[in-house]
Amino acid sequence: MIVTGLTHVGNVRSTNEDTVLIAAGEMPRYALVADGMGGHAAGEVASSVAAAAIREYIERLGCESLDEDQIVDAFQYANDQILQHMAAHPEHSGMGTTLTFAYMEDRSLTVGHVGDSSAYLAKNGGLKKITRDHTYVQKLIDTGAIRAEAAADFPFRNVITRALGTSPLQVDIYKEQWMPGDLLLLCSDGLTAYADRDHLLAELASGDSAPEIAQRLLDFALEQGGRDNISVIVAENPDGKA
C-alpha cells in the first residue's frame, strides 16, 4: 500500500486550517482529510483536534481491523472532543471541521464522511466520487431546485450543512471494492474548487506514482489561484498487499 499526503496553506490564507493524517504502516490502515472552519484560528484547532481524536480512538481499540460501527464511533468521539474543547475555550465557540476518512483493507474500502471534503476512487479507467457533499447547494441539486452545472456559480455553494462540532452528528458510510491498480483520492475543497472531474481522472489515470500525482494536483490548485487551503491524499493499491 502506497499512501502520500500533502497540505498547503494556499496563496491567500495566513493559516492552514486543513489537517491530513495517514496511518499506513501497520493495520488498521487509514487516512483522513479534515478542513476546519471558524475564526481566530479555531478552524485549525478543530481539524487538528478531530484528527488526533480519531487516532486516539483507533489506538485505544487495539485491533487490526475496523467495522462500520467503530468508524462511526470514532467520528462521534472526535465530535465530542471538539464540543468539549469549545466548552473549555469559549473563544473557539462555533468552530467545526469536515472529516473524510478512509479505512483501507486489501480488497475493500470503508469511507466515513461529514462535510464537503471528498473521496474519489479511480479504477478501470474511470472515476467515481464516493462521497456526497453536505452542502446547501447539494441539497438544492438533490431537490431539483438548481442544475448541477449551476453549482459552481451559486452564491451559497460553500455553506455546509453537516460538520463536526455540532450535535447530533450524522455520519455517512460508504463501502467500495479496492482492487490492485485502484487509486483513492481524499481532498479538501481547496482542490476541487479548481480541478474538475476530467482533470482528476486524467491525473489519476496517468500511470504515475501516488506522490507524483499528489504533487501535481497540489501544484495545479496553487497555479489556478490557491484561494483556500489545499489538502491531497493519494493512495495506491499496487497488489492488494501492504
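**Salt bridges and nonpolar cores, read step by step**

Me: R216 is partly exposed, with a relative accessible area of 30%. Which side chain does R216 meet in a salt bridge?

Reply: First, a caution: this is a predicted model. The partner is E203, and the N-to-O distance is 2.7 Å. This pair ties together distant parts of the chain, 13 residues apart: E203 sits in helix α5 (residues 197-204) and R216 in helix α6 (residues 210-223).

Me: Is E203 buried or exposed?

Reply: Buried. Its relative accessible area is 12%, and the cut-off for buried is under 20%. R216, at 30%, counts as partly exposed.

Me: Which residues are linked with E203 and R216 in a network of salt bridges?

Reply: D208 joins them.

Me: How many salt bridges does the structure hold?

Reply: Nine. One of them pairs R60 with E56, with the closest N and O atoms 2.5 Å apart. Both residues lie in helix α1 (residues 42-61). They are four residues apart, about one turn of the helix. R60 is exposed at 60% relative accessible area, whereas E56 is partly exposed at 27%. Another bridge joins K129 to D133, at 3.0 Å between the closest N and O atoms. K129 is partly exposed, also with a value of 27%.

Me: Now cysteines. What is a disulfide in general?

Reply: It is a covalent bond between the sulfur atoms of two cysteines.

Me: Where do nonpolar side chains tend to go in soluble globular proteins?

Reply: They tend to be buried together.

Me: Which residues touch the most other members of the largest nonpolar core here?

Reply: L32, I54, F75, F101 and L164, out of 31 residues in that core. At least two core residues come from each of β2 (18-23), β3 (29-37), α1, α2 (68-88) and β5 (99-104). Helix α1 gives the most, with 10 residues.

Me: Which residues is L164 in contact with, leaving aside neighbours within four places in sequence?

Reply: A50, F75, A78, N79, I82, M95, G96, T97, L99, V114 and L169.

Key
Residues are numbered from 1 along each chain as its sequence is written. This is a predicted model: local features need pLDDT of at least 70, side-chain atom pairs count only at pLDDT 80 or more; totals for chains, interfaces and linings use all residues. Side-chain values use heavy atoms; hydrogens and water are left out. A salt bridge is a side-chain nitrogen of Lys or Arg within 4 Å of a carboxyl oxygen of Asp or Glu. Buried means under 20% relative accessible area, exposed over 50%, partly exposed in between (1.4 Å probe, protein chains only). A nonpolar core is a set of buried Ala, Val, Leu, Ile, Met, Phe, Trp, Tyr and Cys residues joined through side-chain atoms within 4.5 Å. Contact means heavy atoms within 4.5 Å.
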